[in-house]
Amino acid sequence: MILKASQRSGAAQLSSHLLNGVENDHVEVIEVRGFMADDLGGALLEAYAISKATRCRQYLFSLSLNPPKDYVASEKEFLSAIDRAEETLGLTDQPRVVVVHEKEGRRHAHVVWSRIDGEAMKAIPMSHFKRKLNALSRDLYFDHGWELPNGLKTHGGRNPLNFTLAEWQQAKRQKIDPREIKQAIKGAWERSDSLKGLQSALEDQGYFLACGDRRGFVVLDTQGEVYALSRWAGIKAKEVKAKLGSPDQLASIDEAKAMIRSKVTDQMRGYIAQVKDRHEEQLAPLRDEHRSMKEAHATERRKLREGQEKRWVKETKARSARLNTGMRGLFDRLTGKAKATQAENLLEARQCAARDQAQRTFMIEAQMRERQTLQFRFHALRQKQREERRLLAQQIVHRPSRDEPKWVQPHTRQPKVDLSI
């Protein structure tokens, strides 16, 4: 499992995030341990209240556990991994809450510990936790027989298309997958050996080179969004300077935006809007199906939970009835029969709990398979739509401009790399 963790505060905000039923198909709190409160929100607020008696500001430690994409982990596997992480981090027996999320056909878990040692009234240090969790993550992959991802291999093997949080957030505002943007910019850089070559390679994909406000090289897309060349291509500034020289010969950001606006005419904007509207209409049936499936799955789980609770009450009463009261009860305690009955009841209760857990696991796995099938259809449709947007973007890039600036170098090569709008 990929393990990602952080020290933090913000109990109310974290509680809201963990219980978010809008972005997740299903949310289930499977454990609240070591708190007076029996609900997630109350438990985290309790951790905050205890922290006020100390000088610790980041009184919570949050960890997410993400198994491989196609693997549906059980509650037992999540809890086992959490117990190992707890021991590794030095958080043994600390109060914690565990939440399981299901989203887009995948299942992952979150655990939040209180860092405050209740007896010593001080925060437990979390030194080198990233290194410790990285080692544990490798062990979990080996233990389950999963293929080790590049990020956990001894010599790195990191994906060259990895991006920072800032890059992701910038791309999310455009509703473009940042991996597509980074791949396009990095690919253009690798295929070019000069300034003009890079301009041509970028324009083939709907991107334009310009001089930034700080005299650095920047890239603009057809929407006018600005990306730092060195950051998005994953290269150092001195490498850019060595290959391209000075950016002074390029247009400024404002001039580049004016040129882009001249290329993206009102007619082409209309085409873009039509394509986006049509794509939204195509996705609507799948979203309706997803909504219905989510509600149906939630209903099935509620019915199972209610049925199990009723059965548990009935079985508990039946077990309690085996213990005699009054004189018979006194006689049973003296002869040892009561103790034997209690042991039998305990064994039966454990077997019933295991039976209920197996039923829940079976239902969850069946629902996850159904959700993954729907997610595959989502993916296939989005791939088709991405190809349509790429072709439209190529038309925008090569559309003649009425007042095209002299600095733009025309070319006739056909675009080869994917581009989204």
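This is a predicted model: local features need pLDDT of at least 70, side-chain atom pairs count only at pLDDT 80 or more; totals for chains, interfaces and linings use all residues.

Colleague: How many cavities of 30 Å³ or more does the structure hold?

Modeller: The largest cavity has a space of about 60 Å³. The second largest cavity has about 30 Å³. Counting cavities of 30 Å³ or more, the structure holds two.

Colleague: Which residues are closest to the centre of the largest cavity?

Modeller: The lining of the largest cavity draws two or more residues from each of strand 4 (96-103), helix 11 (266-321) and helix 13 (337-397). The lining has 13 residues, and the closest to the centre are D25, H26, E102, H297 and R371.

Colleague: How many residues of that lining are nonpolar, polar and charged?

Modeller: Asp, Glu, Lys and Arg count as charged, and Gly is placed among the polar residues. On that basis the lining of the largest cavity divides into seven charged, five polar and one nonpolar.

Colleague: Which element gives the most to the lining of the second largest cavity?

Modeller: The residues that line the second largest cavity are V72, A73, S74, E75, R107, T361, I364 and E365. By class they divide into three nonpolar, two polar and three charged. With three residues, the element that gives the most is helix 13.

Colleague: Which element supplies the largest share of the lining of the second largest pocket?

Modeller: The second largest pocket has a space of about 560 Å³. Its lining has 23 residues, with E28, E75, R301, R305 and R360 nearest the centre. Strand 2 (26-33), helix 3, helix 11 and helix 13 each give two or more residues to this lining. The largest share is eight residues, and it comes from helix 11.

Colleague: How many residues in the lining of that pocket are charged?

Modeller: The lining of the second largest pocket has nine nonpolar and three polar residues. The charged residues there number eleven.

Colleague: Which residues have the most contacts inside the largest nonpolar core?

Modeller: This core has 26 residues.

Colleague: What is L89 in contact with, leaving aside its neighbours within four places in sequence?

Modeller: Contact here means heavy atoms within 4.5 Å. With those sequence neighbours left aside, L89 is in contact with F61, W113, M126, F129 and L133.

Colleague: How many residues does the second, separate core have?

Modeller: This core includes W189, L202, L229 and L250. Its number of residues is 22.

Technical notes. Residues are numbered from 1 along each chain as its sequence is written. Side-chain values use heavy atoms; hydrogens and water are left out. On a 1 Å grid over the protein atoms alone, a cavity is a set of points where a 1.4 Å probe fits but cannot get out, and a pocket is an open set with protein on both sides within 12 Å along at least five of seven lines; lining residues have an atom within 4 Å of a point. Grid points are joined across faces, edges and corners, and a volume is the space filled by probe spheres set on the points. Helices (H or I, at least four residues) and strands (E, at least two) are DSSP runs, numbered from the N terminus. A nonpolar core is a set of buried Ala, Val, Leu, Ile, Met, Phe, Trp, Tyr and Cys residues joined through side-chain atoms within 4.5 Å. Buried means under 20% relative accessible area, exposed over 50%, partly exposed in between (1.4 Å probe, protein chains only).
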